[in-house]
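Here are my notes on this model, point by point.

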Amino acid sequence: MSGGRYIQNKYKKMAAKILLFGGLMLVGLGSCRDAGQRASRRDSSVLDTVVGPAGLTLVFSGDIMQHLPQVNAARQPDGTYDYSACFRYIRPFWEYADFAVVNLETTLSYTGPYSGYPRFSSPAALAVALRDAGVDVVALANNHSCDRGERGIRTTLRVADSLGLQCVGAYADSIQATRPLILEKKPFRVALLNATYSTNGLPVPQGMKVHMLDTLRMAREVAAARKQHATHVVLFAHWGEEYQQQPHAAQRRVADWCRRQGIDVVVGSHPHVAQPIDTAARVVWSLGNFVSNQRKRYQDGGLNVRIRLFLHRPPRVEMLPHWVWKAAEEGRYRYYILPAYAAGMVAGMDSADHQTFLQSLDDNRTVAGAVDEVVL
Ligand SMILES: [Zn+2]
């Protein structure tokens, strides 16, 4: 393929399920001609509800932090690492989207030594679990991209590549860095951009690129995306003031610039807390922490968004709050991402944790503002 990187979506997998579902509907409803006509109409409306054939669904989850207690929690008795339990409940949200994107705010290593804040290095098994739970794209431009220098970026890219995960925002060579990531599901071609405000003062290793929130560079990227017939351009921005629940002036300036460039949707992360969602401007100011060891109110959960893109109408943004349950099990901790739709299905939680869970969901609904909540 020339001039760009393309990624196949999960549509084929979904389509097989839908065909089966649609076929069953037709078998059930096609017993007379009138019913058959109704069935074809009804069938298409069912399909609309399930996959939105006229649209493309893109879901974003926030910052995947890896503090050392989380690494220790994933360690198995045989010394290997397993994160699969962590993403068990969020999995349907990721799997049923055409493309699921997360911000990987750590670097990966096959062998360790692993480290938490301030220079993150985490087991490659983290990416295995993300891929297995339905993540398609890991965004790598954040203030921890350069925590482990050249080796950290190179290994992170290698791990992702070996798993079939697409990367955006950090690159091992400068030519690849000029090619926007295009997420394709016919007739859609969505250019996904990813950039960060900073790399915490650490230099980007020679020969490598980490995309910065530099409007001159981003303008070239948007132009390259248009040249490649992108139907939409979406920016995942790593920005904002830590622990602030409202966007600051620098975020607003970048968002204004994006609007003038015709960027369809901007999704932000980094502040460790969620910020509002502006559905009219289609700016998600901050998703907050997706998973971390931060346990204070507003930091122990966050927001996810589902964006539906259409060819002839504006995108639609829905939100899904979640809480991170740090559960004590058999003398150790486990971390579970609990989305709102899992509120009624988690066994083994004591009433104090359950209260905190419900409070966190409500907190993040309030922060998000008037936005429809995702129903799976
Ligand atoms: Zn950050």
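1. Packing of H9. The buried residues of helix H9 pack against strand S12 (232–238), S13 and S15. Contact here means C-beta atoms, placed from the backbone, within 7 Å. Helices (H or I, at least four residues) and strands (E, at least two) are DSSP runs, numbered from the N terminus.

2. Basis. This is a predicted model; local features need pLDDT of at least 70, side-chain atom pairs count only at pLDDT 80 or more, and totals for chains, interfaces and linings use all residues. Residue numbers run from 1 along each chain as its sequence is written.

3. Gln251, Val254, Ala255 and Cys258 are the buried positions. A residue is buried if 20 or more other C-beta atoms lie within 10 Å of its own, exposed if 12 or fewer, and partly exposed in between, with C-beta atoms placed from the backbone. Seen down the axis of H9, the buried residues fall within an arc of 100 degrees, so they line one face of the helix. The arc is taken from the directions from the helix axis to the C-beta atoms. Ala249, Arg252, Arg253, Asp256 and Arg260 are exposed on the other side.

4. Geometry of H9. The helix covers residues 249–261, 13 residues in all. From first C-alpha to last it reaches 18 Å, close to the 18 Å expected at 1.5 Å a residue. That expected span is 1.5 Å times one less than the number of residues. Gly262 follows H9, with a positive phi near 80 degrees.

5. Strands around S15. How does S13 pair with S15, parallel or antiparallel? S13 (residues 265–269) and S15 (residues 283–286) are parallel, over two bridges. Pairing requires at least two DSSP bridges between the strands. Val266 stands opposite Val283 in S15. S14 (residues 275–278) pairs with S15 in the antiparallel sense, over three bridges. There, Asp278 has Val283 as its bridge partner.

6. The hairpin. S14 and S15 form a hairpin with four residues between them. Arg282, in the turn, has a positive phi of about 60 degrees.

7. Core. The largest nonpolar core has 104 residues, and Val138, Val190 and Leu192 have the most contacts inside it. Such a core is a set of buried Ala, Val, Leu, Ile, Met, Phe, Trp, Tyr and Cys residues joined through C-beta atoms within 7 Å. Leaving aside residues up to four places away in sequence, Val190 touches several residues, including Leu56, Ile182, His232 and Leu309.

8. Whole protein. There are ten helices and 19 strands. Of the 376 residues, 45% count as buried.

Technical notes. Contact = placed C-beta atoms within 7 Å.
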